[in-house]
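Subject: Structure handover

Hello,

Here is the structure I promised to pass on. Please open it first, then read the notes below.

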Amino acid sequence: MKQLKREFMVDVTAVSELSAADQTLLEAAHEAAKVAYAPYSNFRVGAAVRLASGKIVKGSNQENMAYPSGLCAERVAFFAAGAQFPGERIEAAAVVTDREMPAVDFSPCGGCRQVMLESENRNGQSIRFLMQPGSGEVLISPNVSQFLPLTFRLP
Ligand SMILES: [Zn+2]
């Protein structure tokens, strides 16, 4: 029997160690979290996507009384970028919440991982991905594909 083993690696750093561009991206995600529509979970999440042109597109979670009709912040931002700037490469993205919690407990849901992976595949280049719960350390993934080690693909 053989084994398939994949490693998962993120950098953990303070905001002050980030580049100015990444700090701006994180700030945009925090601004988005402030206006999230999350009356049911009270879990406000903000996301921001930076395009290769430098433009930043924000998203926040948008909940709905009919639960499945809502959408996560990451997908709101990625889909908005695709709709408003079709064909533009996504260089980096960030997701944050205003809630203080352990950084390792804050990462995208499965549906968002699949959507971000498809954006990365369309890009042809990795999407740098930052995660920051509250005001603590930032986790940085060099790509989004490592979040889905066994990926759904159409044959
Ligand atoms: Zn999600």
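Which elements do the buried residues of α2 pack against? They pack against α1, β2, β3, β4 and α3.

First, the ground rules. This is a predicted model: local features need pLDDT of at least 70, side-chain atom pairs count only at pLDDT 80 or more, and totals for chains, interfaces and linings use all residues. Residues are numbered from 1 along each chain as its sequence is written.

**Overall**

The protein has three helices and six strands. Both are DSSP runs, numbered from the N terminus: helices are H or I with at least four residues, strands are E with at least two. Along the sequence the pattern reads β-α-β-β-α-β-α-β-β. The C-alpha trace spans about 50 × 40 × 35 Å along its principal axes. The radius of gyration is 15 Å, which agrees with the value near 15 Å for a compact globule of 155 residues. That radius is taken over C-alpha atoms, and the globule rule is 2.2 Å times the number of residues to the power 0.38.

Of the 155 residues, 32% count as buried. Buried means that 20 or more other C-beta atoms lie within 10 Å of the residue's own; exposed means 12 or fewer, and partly exposed is in between, with C-beta atoms placed from the backbone. Among contacts with a separation of 6 or more, 66% come from residues 24 or more positions apart. A contact needs C-beta atoms, placed from the backbone, within 7 Å.

**The sheet**

Six strands form an open sheet, in the order β1-β6-β5-β4-β2-β3, with mixed pairing. Strands pair if DSSP finds at least two bridges between them. β1 and β3 stand at the edges with a single partner strand each, so one side of each has no neighbour in the sheet. Neighbouring strands are turned by 20° against each other on average, direction ignored.

Now the pairs:

- β1 (residues 11–13) runs antiparallel to β6 (residues 138–141), with three bridges. Val12 has Leu139 as its bridge partner in β6.
- β5 (residues 128–133) and β6 are antiparallel too, over three bridges. Here Phe129 is partnered by Ser141 of β6.
- β5 and β6 make a hairpin with four residues between them. Gly134 sits in the turn, with a positive phi of about 65°.
- β2 and β4 run antiparallel and are joined by seven bridges. Arg50 has Ala92 as its bridge partner in β4.

**The helices**

α1 lies across β2, β3, β4, β5 and β6, at about 140° to β2. Axes here are lines fitted to C-alpha atoms, for helices over the stretch in contact; angles run from 0 to 180 degrees between N-to-C directions. α1 has 15 residues and reaches 21 Å from its first C-alpha to its last, close to the 21 Å expected. The expected span is 1.5 Å times one less than the number of residues. Its buried residues are Leu25, Leu26, Ala28, Ala29, His30, Ala32 and Ala33. The cover over them includes β2, β3, α2, β4, β5 and β6.

α2 lies across β2, β3 and β4, at about 140° to β3. Its 12 residues should span 16 Å, and its end C-alpha atoms are 16 Å apart, which agrees. Buried in α2 are Ala73, Glu74, Arg75, Val76, Ala77, Phe78 and Ala81.

**The core**

The largest nonpolar core has 35 residues. Such a core is a set of buried Ala, Val, Leu, Ile, Met, Phe, Trp, Tyr and Cys residues joined through C-beta atoms within 7 Å. Ala29, Ala47, Ala48, Val49, Ala77, Ala93 and Ala94 have the most contacts inside it. At least two core residues come from each of α1 (20–34), β2 (45–51), β3 (56–60), α2 (73–84), β4 (90–97), α3 (110–123), β5 and β6. Leaving out residues up to four places away in sequence, Ala94 touches Leu25, Leu26, Ala29, Ala47, Ala48 and Leu130.

**Two residues to look at**

Asn42 is in the loop between α1 and β2. Asn42 is not a glycine, yet has a positive phi of about 55°. Asn42 counts as exposed, with 9 C-beta neighbours inside 10 Å.

Pro142 is in the segment after β6. With 13 C-beta neighbours inside 10 Å, Pro142 counts as partly exposed. Beyond four places in sequence, Pro142 is in contact with Ser126 and Arg128.

Best wishes

Notes
Contact = placed C-beta atoms within 7 Å.
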